[in-house]
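Here are my comments for a colleague who is meeting this entry for the first time.

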Amino acid sequence: MLKVEISSGAVSTRVLNVGREGNGDFEWGYMPADQPDWLSAHRPLDPEEGDIDTLALTFDATALSAGDYMTMLKVFGLSLVRDSPQDIPIMLTVRPPETP
């Protein structure tokens, strides 16, 4: 499970690493289970060569009240993608806004 905690009104990004085993094409994709407005995912435009690729997850709490929010992210690929497919539970905890 990926747990992220941010304040209401904040935006934060976390990076997931996707690894492969063996040689050959490193083709993979992702799909959020329910397309929540508070989560967006982006692969780099120029992925690095090698056995690890990245997926940036941006958490946007600008329109969220304090509380817990859950979704699932599916990462899938060819046989070279380690442990594919993988369902990753994601929990966003939104804290009340910080006071100055």
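1. How much accessible surface does the protein chain have, and what share of that surface belongs to carbon and sulfur atoms? In this model, which is predicted, the accessible surface of the protein chain comes to about 6300 Å², and 49% of that surface belongs to carbon and sulfur atoms. Of the 100 residues of the protein chain, 34% count as buried.

2. On the overall build, the protein chain has seven strands and zero helices, so that reading from the N terminus the elements run β-β-β-β-β-β-β by the definition of strands and helices used here. Among contacts in the protein chain with a separation of 6 or more, 70% are accounted for by residues 24 or more positions apart.

3. Between E4 and E5 the antiparallel pairing runs over four bridges, and Ser 40 stands opposite Thr 58 in E5.

4. The largest nonpolar core has 20 residues, and those with the most contacts inside it are Leu 57, Phe 59, Leu 73, Ile 90 and Leu 92. At least two residues of this core come from each of E1 (2-7), E2, E4, E5, E6 and E7 (86-95), while E7 gives the most, with four residues.

5. The structure also holds two aromatic pairs. In one of them, Trp 38 and Phe 59 are stacked, with 6.3 Å centre to centre and 20 degrees between the planes. Because Trp 38 lies in the loop between E3 (28-32) and E4 (39-42) whereas Phe 59 lies in E5 (residues 52-60), this pair ties together parts that are 21 residues apart in sequence. Trp 38 is buried, with a relative accessible area of 8%, and Phe 59 is buried as well, at 0% relative accessibility.

6. In the other pair, the rings of Trp 38 and Tyr 69 have their centres 6.3 Å apart and their planes at 55 degrees, so this pair counts as tilted. Since Trp 38 lies in the loop between E3 and E4 and Tyr 69 in E6 (residues 67-77), parts that are 31 residues apart in sequence are tied together by the pair.

7. Which residues does Phe 59 touch, leaving aside its neighbours within four places in sequence? Its contacts include Leu 2, Val 4, Ile 6, Ala 10 and Val 11, and also Ser 12, Arg 14, Trp 38 and Leu 39. Ile 90 and Leu 92 are likewise in contact with Phe 59, and both are listed with Phe 59 among the residues that have the most contacts inside the largest nonpolar core.

8. Finally, is Pro 44 buried, partly exposed or exposed? This residue, which lies in the loop between E4 and E5, is partly exposed, with a relative accessible area of 33%. Leaving aside its neighbours within four places in sequence, Pro 44 is in contact with Asp 53 and Thr 54. The C-alpha atoms of Pro 44 and Ala 56 are separated by 7.9 Å, and these two residues are twelve residues apart along the chain.

Conventions:
Residues numbered from 1 in each chain as written. Predicted model: local features only at pLDDT ≥ 70, side-chain atom pairs only at ≥ 80, totals over all residues. Heavy atoms only, no water. Phe/Tyr/Trp six-rings, centres within 6.5 Å; stacked < 30°, edge-to-face > 60°. Buried < 20%, exposed > 50% of the residue type's maximum accessible area, 1.4 Å probe, protein only. Pairing = 2+ DSSP bridges. Contact = heavy atoms within 4.5 Å. Areas by Shrake-Rupley, 256 points an atom, 1.4 Å probe, with all protein chains shown as cover. Core = buried A, V, L, I, M, F, W, Y, C linked by side-chain atoms within 4.5 Å.
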